[in-house]
Amino acid sequence: MEDLKEIFPESHQIPAEVQVPFTEQREYLIDGELREWTGNLAPVVSPVFTKQSDGTWTQQVIGKTPLMDSATALQALDAALRAYNLGQGYWPTRSVAERIAHVEKFLVRMRTVRSEVVNLLMWEIGKTRKDSEKEFDRTCDYIADTIKALKELDRNSAKFTEEQGFMAQIRRVPLGVALCMGPYNYPLNETFSTLIPALIMGNTVVFKPAKYGVLLIRPLLEAFRDSFPPGVINVIYGKGRETVGALMETGKVDVFAFIGTHKGANDLKRLHPKPNRLKAILGLDAKNPAIVLPDADLDNAISECLTGSLSFNGQRCTALKILFVHKKIVNEFLWKFTEAVKQLKPGMPWEPGVSLTPLPEPGKTDYLDALVKDAVQHGARIVNENGGKINRTFFYPAVLYPVNEKMRVYVEEQFGPVIPVVPFDHDEEPIQYVVNSNYGQQVSVFSSSGKTLARYIDAFTNQVGRINLNTQCQRGPDTFPFNGRKDSAEGTLSVADALRAFSIRTVVATKATDENKQIISSIIRNRESVFLSTDYLI
Ligand code: G3H
């Protein structure tokens with residue numbers, strides 16, 4: 001606990017290369033121009049406190065961003081609508097090869113701002129340096145893989161199909177104007193996992209950065225401006241309800257890509273007056289359980305449950321948010337698990353070897369504290385040393401045992417370092433938990449018996465999007481389908497699936513008569529159409 005008291009640094013203890021950034025951002029991107037916002041600004045507050053020379057602790061304000069109004073947000077939508085021009089604009093009518101060239105140009109520019117973005121990730125959301133670097137690199141890889149997958153898709157579409165006397169060419173084309181919004185826990189990666197596929201498929205985009213993790217988009221604004229034609233990508237700032245709400249109310253948004261809570265998604269979707277026009281691609285809440293069976297390799301289960309529940313302090317949609325541990329092994333599990341928690345180093349995001357860091361959401365430590373108190377009131381104990389201790393924005397992980405259905409933490413998605421452990425006797429107990437849950441993202445099952453795992457696999461295949469065997473829940477590899485059932489998601493994202501999600505197939509068909517074949521051959525030979533073409537992308 002002494003360490004926790006000293007967790008926040010004095011100013012002189014912050015290494016030179018991560019000195020507090022301060023950006024008063026007034027720029028925003030609309031119609032290919034970086035415009036200056038002259039209205040109110042919102043402060044960007046870091047989860048990191050520092051000690052001042054007078055001995056007081058101050059939460060670091062690391063910048064300001066435009067608090068845009070609905071009128072300005074609507075200008076962004078107008079720019080995107082003009083660039084799309086009802087499907088006849090420059091961008092949606094480009095060939096795949098041309099659009100890829102723009103995204104490649106952007107990727108080159110993006111790589112040059114790595115250290116700036118990584119520094120802002122640490123300061124804005126408290127992500128460790130290692131994970132911040134991973135997020136940046138993973139995003140670059142995601143873009144490169146998207147280009148590769150689109151080439152593959154385009155190669156497959158380069159051929160003609162002959163069926164029942166018809167010949168046809170089928171290609172994927174854009175949907176229209178996309179509104180992309182990402183979450184604070186992966187403000188770069190998750191946002192770009194919809195933004196880039198939307199752009200590369202020929203949609204035009206209005207992008208609003210996450211609530212926290214917003215300044216880190218600033219270093220990319222020039223790259224967006226210089227890499228894409230005017231209006232193709234527009235970046236807005238401000239309060240969601242005021243800005244994004246106004247865009248949805250126009251009924252002119254065609255695709256709504258949102259990663260956040262199901263409540264937030266529903267509130268915004270409801271504002272759109274033309275539900276049939278709006279396609280939603282949503283990544284939402286989850287309460288992924290781990291189920292640890294008596295014959296599991298306990299050391300492996302503990303190490304996977306540890307990173308599963310506590311990497312980035314449990315602030316991952318895929319985090320393990322409740323652990324069902326069989327009564328036969330629960331004592332040994334708890335002993336070893338709490339020992340493992342003790343080894344995790346608390347500290348500032350830039351400190352070497354650090355795992356536990358301050359939380360960016362205002363009021364989050366109070367919320368977690370209330371969850372813990374509620375569980376204790378209903379019979380749980382905090383079984384790890386210092387569990388639930390708070391120092392300003394820092395919350396030391398609390399392992400709660402035994403957890404039951406009367407407690408809020410049994411159903412609520414804590415999205416933070418609280419680990420509820422439920423003891424069980426029979427397979428049906430965790431199975432029924434998953435079956436009756438409002439969420440359906442993933443599950444992890446730990447056992448060394450093929451027979452046992454097979455039983456759980458078959459119980460869960462119609463419940464969740466991914467069943468992890470002896471492994472924590474996670475999104476990656478990004479080529480795997482990432483989805484969820486019930487309130488956990490709408491649509492599937494993976495490198496290849498995202499390309500499909502942001503496009504629709506259009507067919508050009510004709511009766512396969514000699515005359516029609518000759519016409520088609522001449523169109524192709526003379527390169528008269530962008531769509532009807534057999535060009536092969538290398
Ligand atoms: O927050 C949800 C992310 O998609 C999780 O991704 O499993 O790679 O951390 P991850």
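Strand S13 (residues 288-292) and strand S14 run parallel and are joined by five bridges, where two strands count as paired if DSSP finds at least two bridges between them. Helices (H or I, at least four residues) and strands (E, at least two) are DSSP runs, numbered from the N terminus. This is a predicted model, in which local features need pLDDT of at least 70 and side-chain atom pairs count only at pLDDT 80 or more, whereas totals for chains, interfaces and linings use all residues. Residues are numbered from 1 along each chain as its sequence is written, and side-chain values use heavy atoms, with hydrogens and water left out.

S14 also pairs with strand S21 (residues 418-424) in the parallel sense.

| Strand pair | Sense | Bridges |
|---|---|---|
| S13 and S14 | parallel | five bridges |
| S14 and S21 | parallel | four bridges |
| S4 and S5 | antiparallel | eight bridges |

Within these pairings, Val292 has Val325 of S14 as its bridge partner, and Leu323 has Val421 of S21. S14 spans residues 320-326, and seven of its seven residues are buried, that is, under 20% relative accessible area with a 1.4 Å probe and protein chains only. S13, helix H10 (residues 298-310) and S14 together make a right-handed β-α-β unit; right-handed here means that, with the strands pointing away from the viewer, the path from the first strand over the helix to the second runs clockwise.

Val292 and Leu323 are also among the residues with the most contacts inside the largest nonpolar core, which has 132 residues. Such a core is a set of buried Ala, Val, Leu, Ile, Met, Phe, Trp, Tyr and Cys residues joined through side-chain atoms within 4.5 Å. Helix H5 (residues 129-157) gives the most to this core, with eight residues. Because domain 1 (69-283) and domain 2 (288-477) both give residues to this core, it lies between them; the domain bounds come from an automatic or database domain assignment. A second, separate core of 29 residues includes Ile291, Leu359, Tyr433 and Val464.

Elsewhere, three strands form an open sheet of mixed pairing, in the order S1-S5-S4. Strand S1 (23-24) and strand S4 (41-51) stand at its edges with a single partner strand each, so one side of each is left without a neighbour in the sheet. Lys51 stands opposite Trp57 in S5.

Definitions and conventions
Buried means under 20% relative accessible area, exposed over 50%, partly exposed in between (1.4 Å probe, protein chains only).
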